[in-house]
Amino acid sequence: MKWYIDSDRPIYKQLVEQIELRIISGVYAPGDKLESVREMAMDAGVNPNTMQKALAELERMELVFAQRTSGRFITEDLKVIEEAKKNLAVQEIGAFLEKMKKLGMGRNEILVLMEKIEEGEKDDDHIKH
Amino acid sequence: MTILSTKNLTKSYGKKTALANINMEIPRGRIIGLLGPNGSGKSTFIKLAAGLLVPTAGEITIDGDAPGVDTKAKVSYLSERTYLNDWMRVSEIIAFFEDFYTDFNRIKAENMLKDLNINPDDRLKTMSKGTKEKVQLILVMSRQAQLYLLDEPIGGVDPAARDYILNTIITNYKEEASVIISTHLIADIEQILDDIIFINQGELVLSSSVDEIRETHNKSVDGLFREVFKC
C-alpha cells in the first residue's frame with residue numbers, strides 16, 4: 001500500500017491519519033503486529049522519529065498498543081475502531097457539507113442528487129450483469 | 001547528548017565574512033537539513049565541522065572536541081567535489097576506505113553497489129557524474145559514524161536513485177548518530193528531515209523542526225524557504 005504525504009501539513013499527522021484509515025478499513029486487522037518503526041519509516045520514506053511520533057499518537061488514541069518486548073499491535077478492542085470510524089465519517093461529512101454550502105446546495109437538493117446518483121449506479125450494475 | 005555544538009562560530013575569508021556568530025546545538029539521533037541560498041555559508045559550515053577549515057573566531061566542537069584526528073574518526077564527510085582518484089576502480093577505493101576507517105563496513109558498501117547496479121570493477125573516470133556521486137555517498141554511508149556531513153548529496157542523481165539514497169540515509173544511521181544534509185533541493189528531502197536550519201549571508205535565520213514549520217506556517221519547508229528567500 002502506498003503512502004501519500006502532501007506538502008503543507010505536519011507529516012506525523014498525515015501518517016496518523018493514514019494508519020488510522022488502514023485500521024478502520026481492515027488493511028491492518030485487529031491484533032495484527034506492526035512492522036518496526038524503522039521498517040515503516042522506510043516504507044513511507046519518512047524520518048524514523050516522525051514515524052515514532054505518529055505511532056505514539058496512535059497509542060494515545062488507543063488504536064495501537066505497545067508490548068514492551070514484542071513490538072506494537074493493532075488494538076483488539078473493536079469498539080475503539082468503530083468509534084474511530086464514526087469520528088472519521090462525521091469529519092468527512094462535515095467537510096462535504098461545507099463544500100456543498102459553498103456551491104449553494106441546500107439539504108434537500110443534496111439528498112435528491114445523492115439518490116439520483118445512487119440509482120445511476122444501480123442502473124450501471126444492471127447493464128453490467 | 002549533543003554531537004555538535006558551536007559558540008559564536010565565525011569564519012572570514014579576508015574581509016568577507018562567510019559565517020557570523022553561529023550558535024547551535026545539534027543533538028544525537030536527528031537528521032538535519034542545512035538550508036540556504038547559494039553562497040549563504042552552508043559549505044563553509046560543513047567544512048568547519050569536518051575540520052577542513054579553522055574558525056576565525058568562536059568555536060565548534062564535535063562530541064566535545066575541536067575538529068581534529070579524534071573527531072575525524074567519528075565524522076563521515078561527503079564533500080561537494082570528489083577527492084577520489086579518477087583512475088581507481090571502485091573495488092580499490094573500497095579497500096582504501098577499509099584500510100583507512102576502522103568503522104567502514106565493506107559488506108554494506110558492496111550491497112549498496114549491487115542495488116544501484118554499479119560494477120565494482122569499473123574505474124571512476126568511466127562513470128557518469130551521477131554514478132560517481134552515488135559511489136561517494138555509498139562510501140560515506142557505509143561507515144558507522146556518529147556524525148554524517150553530507151554536502152549536496154543528491155544534486156546529480158536521478159529521482160529513482162534519489163529515493164534509494166534517501167532510504168539509505170534513513171536506515172543506515174544509528175540512533176545515536178546524526179546526519180547533517182546541506183542542500184537546496186528541499187522538497188526532495190523534506191520528508192526525511194527532523195529539523196532544519198536556515199542560514200543566509202552567514203547568519204542563522206531559523207532553526208526549527210519540520211513539523212513545527214508545517215504546523216505554524218501551514219506550508220512546507222520548501223514553501224517557506226521560497227517565501228523567506230524570495231528574490
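The dialogue below treats the sheets, a helix, the interface and a single residue.

Tutor: This is a predicted model, in which local features need pLDDT of at least 70, side-chain atom pairs count only at pLDDT 80 or more, and totals for chains, interfaces and linings use all residues. Residues are numbered from 1 along each chain as its sequence is written, and chains are lettered from A and ligands numbered from 1 in the order in which they are written.

Student: What is the strand order of the open sheet of six strands in chain B?

Tutor: Strands (E, at least two residues) and helices (H or I, at least four) are DSSP runs numbered from the N terminus, and two strands pair if DSSP finds at least two bridges between them. The edge strands, pairing on one side only, are β5 (75–78) and β9 (203–209) of chain B. The pairing in this sheet is mixed, and the order is β5-β6-β7-β3-β8-β9.

Student: Which residue of β8(B) is the bridge partner of Gly33(B)?

Tutor: Strand β3 (residues 31–35) and strand β8 (residues 195–200) of chain B run parallel and are joined by four bridges. The bridge partner of Gly33(B) in β8(B) is Ile196(B).

Student: Which strands stand at the edges of the sheet of three strands in chain B, and why is one side of each without a neighbour?

Tutor: This open sheet has antiparallel pairing and the order β2-β1-β4. Each edge strand has a single partner strand, so one side is left without a neighbour in the sheet; these strands are β2 (16–27) and β4 (57–62) of chain B.

Student: What angle does the direction of α1(B) make with that of β1(B)?

Tutor: Axes are lines fitted to C-alpha atoms, for helices over the stretch in contact, and angles run from 0 to 180 degrees between N-to-C directions. Contact between two residues requires C-beta atoms, placed from the backbone, within 7 Å. Helix α1(B) packs on the sheet and touches β1, β2 and β4 of chain B, at an angle to β1(B) of about 120°.

Student: How far apart are the end C-alpha atoms of helix α1 of chain A?

Tutor: The expected span of a helix is 1.5 Å times one less than its number of residues. For the 14 residues of α1(A) (residues 11–24) this should give 20 Å, which agrees with the separation of the end C-alpha atoms, 20 Å.

Student: Which helix of chain B is included in what covers the buried residues of α1(A)?

Tutor: A residue is buried if 20 or more other C-beta atoms lie within 10 Å of its own, exposed if 12 or fewer, and partly exposed in between, with C-beta atoms placed from the backbone. The buried residues of α1(A) include Ile11(A), Leu15(A) and Ile19(A). Their cover includes α2 (37–44), α3 (48–60), β2 (71–74) and α4 (78–102) of chain A, together with, from chain B, α8 (210–217).

Student: Which helix gives the most to the side of chain A that touches chain B?

Tutor: In the interface, 15 residues of chain A are in contact with 19 residues of chain B. Helices α1, α2 and α3 of chain A each supply at least two residues of that side of chain A. The most, three residues, comes from α2(A).

Student: Is Tyr164(B) buried or partly exposed?

Tutor: Tyr164(B) lies in helix α6 (residues 159–172) of chain B. Leaving aside neighbours within four places in sequence, Tyr164(B) is in contact with Asp115(B) and Leu116(B). Because Tyr164(B) has 16 C-beta neighbours inside 10 Å, this residue counts as partly exposed.
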